[in-house]
Amino acid sequence: MPDLENPFEETLLRRNRAEPCTVVIFGATGDLTHRKLIPALYNIAACGDLPPQFKVVGFARRDKSDDVFRTELETGNRKNSRQGHNDELWENFSHSIHYHRSEFEDLEGYRALGRLLDQFDEERGTPANRLFYLASAPEYFKPILELIREAGLNRGSGDKWARVVCEKPFGKDLQSARTLNEVVAGTFEEKDTYRIDHYLGKETAQNIMVLRFANALFEPNWNSRYIDHVQITCAENLGMEGGRGGYYDTAGALRDMVQNHLFQLLTLVAMEPPTDLSADSVRDEKVKVIRALRPLVGPEAVGANVIRAQYTAGSVDGVPRVGYRQEDRVNPESKTEAYVALRLFVDTWRWQGVPFYIRVGKQLPKKATEISVHFKKPPQVPFATAQLPGSSENTLVIRIQPDEGIALRILCKQPGQALSMQQVKMDFRYSSSFGKASPEAYERLLLDAMAGDATLFARRDEVENAWKFIDELEHAWHKTDTPPPMCEYPAGSWGPKEADELLAQDGRVWRLL
């Protein structure tokens with residue numbers, strides 16, 4: 001029997017207990033539902049982890065029947081399911097899926113939803129838990145939340161719970177995030193609010209804490225005495241396909257990726273050990289990292305530490321690409337960045353003087369997200385006359401996507417009489433080490449929401465502190481008389497030369513992916 005007084009084991013057990021519930025998806029006819037949510041639930045069912053008496057209700061404005069909705073979802077599942085599509089399994093799983101038509105701002109539609117949920121409870125013979133998933137456009141979050149409350153759907157029956165999952169973007173600045181948080185707080189308690197960031201559902205992101213805190217090899221060296229700098233890269237080899245330009249041109253790389261996904265990875269790398277693995281203990285330490293970021297206030301500080309850029313015409317993998325301002329639904333005079341590189345400092349005892357370099361961009365040569373921890377070089381006295389490779393530092397590379405795994409680069413002597421060294425790689429890959437592909441991020445996050453484990457979800461103060469930092473950069477770019485310049489780079493390159501110069505000032509270079 002596990003020691004239930006051990007918080008580590010207790011947390012792991014609790015995470016496996018997805019409770020019976022009905023999931024209501026608002027915006028159920030959208031791309032997220034077809035491409036991610038339903039395939040994730042199907043794969044959870046395929047693994048035998050779906051709780052008993054489970055149901056899904058799609059809430060959307062289009063008029064269609066349960067059967068039509070199921071057929072549409074089946075088409076999406078055939079294309080997107082991680083484990084492929086099994087007709088027999090789908091037949092059983094699809095019987096749990098239902099469709100409810102309503103406008104997002106129609107109170108009667110929510111009352112009718114309540115009657116449908118009550119009907120399911122009668123069929124089960126017992127009340128069920130309810131998980132509301134906001135997969136709609138962000139502008140509908142407020143009316144959906146308010147009408148859930150007005151219809152009385154935000155309260156569980158008896159000992160049953162009602163929870164809400166909010167998709168990103170959670171606000172577009174500090175003020176809008178605070179306003180949305182107030183609306184959420186007026187409908188659901190913080191313990192029942194799950195702000196999703198799918199990067200935290202990726203296996204390698206979850207493994208960062210295990211790598212650091214469960215291995216004596218790393219944690220004693222995880223500080224400014226041994227680490228020279230850290231790089232976090234998120235490269236995209238696509239542009240504004242699928243009509244994404246309309247949204248992206250109002251957001252940009254900083255708001256779309258840095259404020260949420262990449263700051264989440266930063267906090268996992270830089271956080272202190274939590275007292276236990278409970279959700280609040282972990283999130284307490286993550287918030288401390290965001291609050292410890294050295295402020296960048298004003299055009300001069302922002303210009304010295306942040307590079308923004310747009311791509312011009314070029315080619316990716318031999319395919320011609322237009323420039324950002326020529327993309328569909330993008331303003332021809334746009335001032336929105338498609339690439340951003342930052343030099344940040346976490347002003348804590350552990351990280352004093354260690355720069356964190358973050359970059360994210362569109363139309364780069366490949367799709368990849370990784371964290372690389374670059375260790376300081378040891379004194380070279382014994383090897384002063386040895387032949388060293390161009391890059392001789394020890395580097396720990398944590399690959400988030402697409403090929404999840406961890407690699408450690410070390411120096412070794414090449415065979416032969418001469419003392420010549422070469423970097424070699426000690427490599428761990430999830431697919432080969434465990435003999436199966438990692439679960440999709442949404443699978444883990446949906447199970448956690450059903451189990452009541454908020455560890456991998458953002459807390460209110462975490463979101464607001466991140467926006468507070470980002471707002472200063474946006475202000476310097478868009479609301480000052482002398483904003484830092486908008487740089488350019490050809491599609492298919494690794495970004496603007498100014499981003500290379502940002503590291504060159506410190507005697508460093510970006511890692512080649």
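Trainee: How many disulfides does the count come to?

Mentor: Keep in mind that this is a predicted model. A disulfide is a covalent bond between the sulfur atoms of two cysteines. The rule therefore asks for a pair of cysteine sulfur atoms within 2.5 Å. Applied here, the count of disulfides is zero.

Trainee: Is Cys-234 buried or exposed, and which cysteine has the sulfur closest to that of Cys-234?

Mentor: Buried means under 20% relative accessible area, so Cys-234, at 1%, counts as buried. Its sulfur is too far for a bond, with 19 Å to the closest cysteine sulfur, that of Cys-487.

Trainee: Where is Glu-167, and what is the nearest side chain of opposite charge?

Mentor: Glu-167 sits in the loop that runs between β5 (162–166) and α7 (174–185). A salt bridge needs a nitrogen–oxygen distance within 4 Å. Glu-167 is buried and has no salt bridge; at 6.7 Å, the nearest side chain of opposite charge is Lys-168.

Trainee: Which side chains make a polar contact with the side chain of Glu-167?

Mentor: Leaving aside neighbours within four places in sequence, the residues in contact with Glu-167 include Leu-32, Phe-141 and Ile-196. Polar contacts of its side chain, at 2.7 Å, are with the side chain of Tyr-133 and, also at 2.7 Å, with that of Tyr-442.

Key
Residues numbered from 1 in each chain as written. Predicted model: local features only at pLDDT ≥ 70, side-chain atom pairs only at ≥ 80, totals over all residues. Heavy atoms only, no water. Buried < 20%, exposed > 50% of the residue type's maximum accessible area, 1.4 Å probe, protein only. Helix = DSSP H or I, 4+ residues; strand = E, 2+ residues; numbered from the N terminus. Lys, Arg positive; Asp, Glu negative; His and termini not counted. Polar contact = N/O pair within 3.5 Å; in protein donor to acceptor, adjacent residues only side chain to side chain. Contact = heavy atoms within 4.5 Å.
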